[in-house]
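Reader: I am new to reading protein structures. Could you take me through one, feature by feature?
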Amino acid sequence: MLQNGDRVTFSFWEAGCMIWVGSLDAYETFCQAWFHKEGNVIKIDIDTVRQLILDRHAIMPMSLYQDDGYTTQVVLGELDEREQEDWTARAGWQLHLPTGQLVISGIVDADVEVPAFTETDPHDTLQLYVEVPPGRYTVTVYAYPPGDLSTGWGQIENPQLFEPTAGIEPENPLDYFQRTRPSEPMPDWLGEDYAATEAERQQYHQALEEGDRYLNFVVQLLPLVVPPPIPQLEADGCLAWTFRKPQRFPLGIRIT
């Protein structure tokens, strides 16, 4: 069981264009609502999904732009300085975890097991749950480059594909880095695309293959003190992401 200050990291090999967190005791109800059958038509029971989010505080679903797998870290407590500075998207709300079993999932399928997280987990699962002290929490999901699947980073570096949100000014990643971190070494994931020569790009690529890996998401839990603002929901019930361009080029959160 996680205690204050603890962190656990895991990876999903595939996802269904979403990340969601919630209470294990609401898992089956959420799956049934997401694939609700009316006659021969399967659609989302949006009323039940909204009830699970806004009334029961049982789930927090968020959509992603593609179905890649991703690596996530759950933090019970405060973020470090880099985690506070480098996020390019976040979504937050409150969760009631009466059993202390926090599900993190990239799919919605009642027929797929939700295993417990273990330190020896082979990290080839589709979902799992992490044990925390039962209670009510403020929960925030943060997305980070280079693997931000929320479109937050994409709005900065590829505005032709991802239309920027109001207030986000697109910028070439190399220009962004040199403008805000002129005296710092280039991270491998930037260098493999933007180093000056092909030989240098290959060196960065090799270093990236053999060295650093980066988190896609951080899920932060804090004991609920003051209820957070009611979140904006998309048409399918997913929480809307809040996007931003960090003041300085986001270097990414290394997996340690």
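Author: Let's begin with strand pairing. This is a predicted model. Strand β6 (residues 68–76) runs parallel to its partner β11, and five bridges join them.

Reader: Which residue is the bridge partner of L76 in β11?

Author: L221 is the partner of L76.

Reader: In which sense do β10 and β11 pair, parallel or antiparallel?

Author: Antiparallel. Strand β10 (residues 135–143) pairs with β11 over seven bridges. One place to look is V141, whose bridge partner in β11 is V219.

Reader: How many residues of β11 are buried?

Author: Start with the cut-off. A residue is buried when its relative accessible area is under 20%. In β11 (residues 217–223), five of the seven residues are buried, so by this cut-off the strand is mostly covered.

Reader: How much of the chain counts as buried?

Author: Of its 256 residues, 48%. The chain exposes about 12,500 Å², and carbon and sulfur atoms supply 46% of that area.

Reader: How many helices and strands are in the chain?

Author: Seven helices and twelve strands. Now check the overall size. The radius of gyration is 19 Å, close to the 18 Å from the globule rule for 256 residues, so the chain is as compact as a globular protein of that length. Along its principal axes, the C-alpha trace spans about 60 × 40 × 35 Å.

Reader: What do contacts in the chain join?

Author: Take contacts between residues at least 6 apart in sequence. Of these, 81% join residues at least 24 apart.

Reader: And where do the charges lie?

Author: Compare mean positions. Those of the 16 positive and 40 negative charges are 6 Å apart.

Key: Residues numbered from 1 in each chain as written. Predicted model: local features only at pLDDT ≥ 70, side-chain atom pairs only at ≥ 80, totals over all residues. Heavy atoms only, no water. Helix = DSSP H or I, 4+ residues; strand = E, 2+ residues; numbered from the N terminus. Rg over C-alpha atoms; globule rule 2.2 N^0.38 Å. Buried < 20%, exposed > 50% of the residue type's maximum accessible area, 1.4 Å probe, protein only. Contact = heavy atoms within 4.5 Å. Areas by Shrake-Rupley, 256 points an atom, 1.4 Å probe, with all protein chains shown as cover. Lys, Arg positive; Asp, Glu negative; His and termini not counted. Charge placed at Lys NZ, Arg CZ, Asp CG, Glu CD. Pairing = 2+ DSSP bridges.
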